[in-house]
Amino acid sequence: MSEVPANVAGMSVLPVAPFGRLITAMVTPFLPDGGLDLDGAAALASHLVDAGNDGLVISGTTGESPTTSDAEKDLLLRAVLEAVGDRAAVLAGVGTNDTRHTIELARSAERAGAHGLLVVTPYYSKPPQAGLAAHFRAVADATGLPVMIYDIPGRTGVPVLTETMVALAEHPRIVAVKDAKADLEESSWVMARTDLAYYSGDDVLTLPFLAVGAVGLVSVAAHVAAPALAAMIAAFDAGDPVAARRLHQDLLPIFKGIFRTQGVITTKAALTLRGLPAGPVRPPLADATEAEIAQLRLDLAAAVLEPPGSEARATAPVAAGVAS
């Protein structure tokens, strides 16, 4: 089984974070002709870790996983692991709406050396809660890797209900949740009743989620705002909610701006503006328009993305039993 890198180990007053505090769901760079840009992916991964990310999700929704082949996913994961796998947690997005296909992707990711799996709720088919539970358990049983459940009913059509999540927490390899359900009450109940490590899946809700027991963030905005996001989490961790709130407010323009249209589109435009690897999006997505890019420039200018002292970043202890 792959080990989570040592850089995510340390002391913290926040709950144990099995994959570190700040994780970016990384875009997949493409060449101008739409082909996979492996050199660009390695360079972007290195940049993101240098900027303050403890981990990366590869082939999540932000990585355009619906339009990359299984072979491309494997090549991409291996390129990122080679680039940063010794200093950041690298999670493979393997979730689909087919349990057998998800298991195949999970086993492939384990063979490649991934440190963990991100498994989204099966989408479109809207399975009942018993089906969801069986799906997540089957994937967790298929490898020795720790699993982060991705709960995002706005995209999948089905939430993972509290009782289902509590039951899934009994599985030894289901260790974390990326929560994009925006239901602080129900998420609080799960955190109160289980040891699951909760990561906010919405950048703008990171601070309130930390306040009720979350351990960190799986981010889109961290493609351009990792120093400020890391500083916000560190400030909260250090018992300075005033500083954390100020950083949260400084970031509001990019929290809004990155999602004025579909997030991959805006993120790739932002990376291109900064001279970082991104390339075009694949259909059915469409590249940002000139008007959207102009608005994005305003949003980037209005946000405080690199506050003074942001080089001091939070790290997190590895949960007992997650890495071996």
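Analyst: One definition before we start: helices (H or I, at least four residues) and strands (E, at least two) are DSSP runs, numbered from the N terminus. This is a predicted model, where local features need pLDDT of at least 70 and side-chain atom pairs count only at pLDDT 80 or more, while totals for chains, interfaces and linings use all residues. Residues are numbered from 1 along each chain as its sequence is written, and side-chain values use heavy atoms, with hydrogens and water left out.

User: How far apart are the end C-alpha atoms of helix α4?
Analyst: The expected span of a helix is 1.5 Å times one less than its number of residues. Helix α4 covers residues 129-142, so its 14 residues should span 20 Å. The model agrees, with the end C-alpha atoms separated by 20 Å.

User: Which residues of α4 are buried, and what covers them?
Analyst: Buried means under 20% relative accessible area, exposed over 50%, and partly exposed in between (1.4 Å probe, protein chains only). In α4 the buried ones are Leu 132, Ala 133, His 135, Phe 136, Val 139, Ala 140 and Ala 142. Their cover includes α3 (99-112), β4 (116-120), β5 (147-151), α6 (162-168) and β6 (174-179).

User: What do the buried residues of α3 pack against?
Analyst: In α3, the buried residues are Thr 102, Ile 103, Leu 105, Ala 106, Ser 108, Ala 109 and Ala 112. Going by contact, meaning heavy atoms within 4.5 Å, they pack against α2, β3 (89-93), β4 and α4.

User: Is Ser 59 buried or exposed?
Analyst: Ser 59 sits in the loop between β2 (55-58) and α2. Leaving out residues up to four places away in sequence, Ser 59 touches Ser 65, Lys 73, Leu 76 and Gly 93. Its relative accessibility is 6%, so Ser 59 counts as buried.

User: Which element gives the most to the lining of the largest pocket?
Analyst: On a 1 Å grid over the protein atoms alone, a pocket is an open set of points with protein on both sides within 12 Å along at least five of seven lines, and lining residues have an atom within 4 Å of a point. The largest pocket is lined by 22 residues, with Thr 61, Ser 65, Pro 66, Gly 95 and Tyr 123 nearest its centre. Elements giving two or more residues to that lining are α2 (70-84), α3, β4 and α5 (153-156). The biggest contributor, with 3 residues, is β4.

User: What is the volume of the second largest pocket?
Analyst: Of the 19 residues lining the second largest pocket, the closest to its centre are Tyr 150, Arg 155, Gly 201, Val 220 and Phe 259. β8 (216-219) and α11 (263-273) each supply at least two residues of this lining. Grid points are joined across faces, edges and corners, and a volume is the space filled by probe spheres set on the points. For the second largest pocket, that comes to about 300 Å³.

User: Which residues does Leu 251 contact, leaving aside neighbours within four places in sequence?
Analyst: Leu 251 lies in helix α10 (residues 241-257). At 0% relative accessibility, Leu 251 counts as buried. Its contacts are Ala 225, Ala 228, Leu 229, Val 304 and Leu 305.

Note on methods: 1 Å grid on protein atoms, 1.4 Å probe; cavity = no way out; pocket = protein on both sides within 12 Å on 5 of 7 lines; lining within 4 Å.
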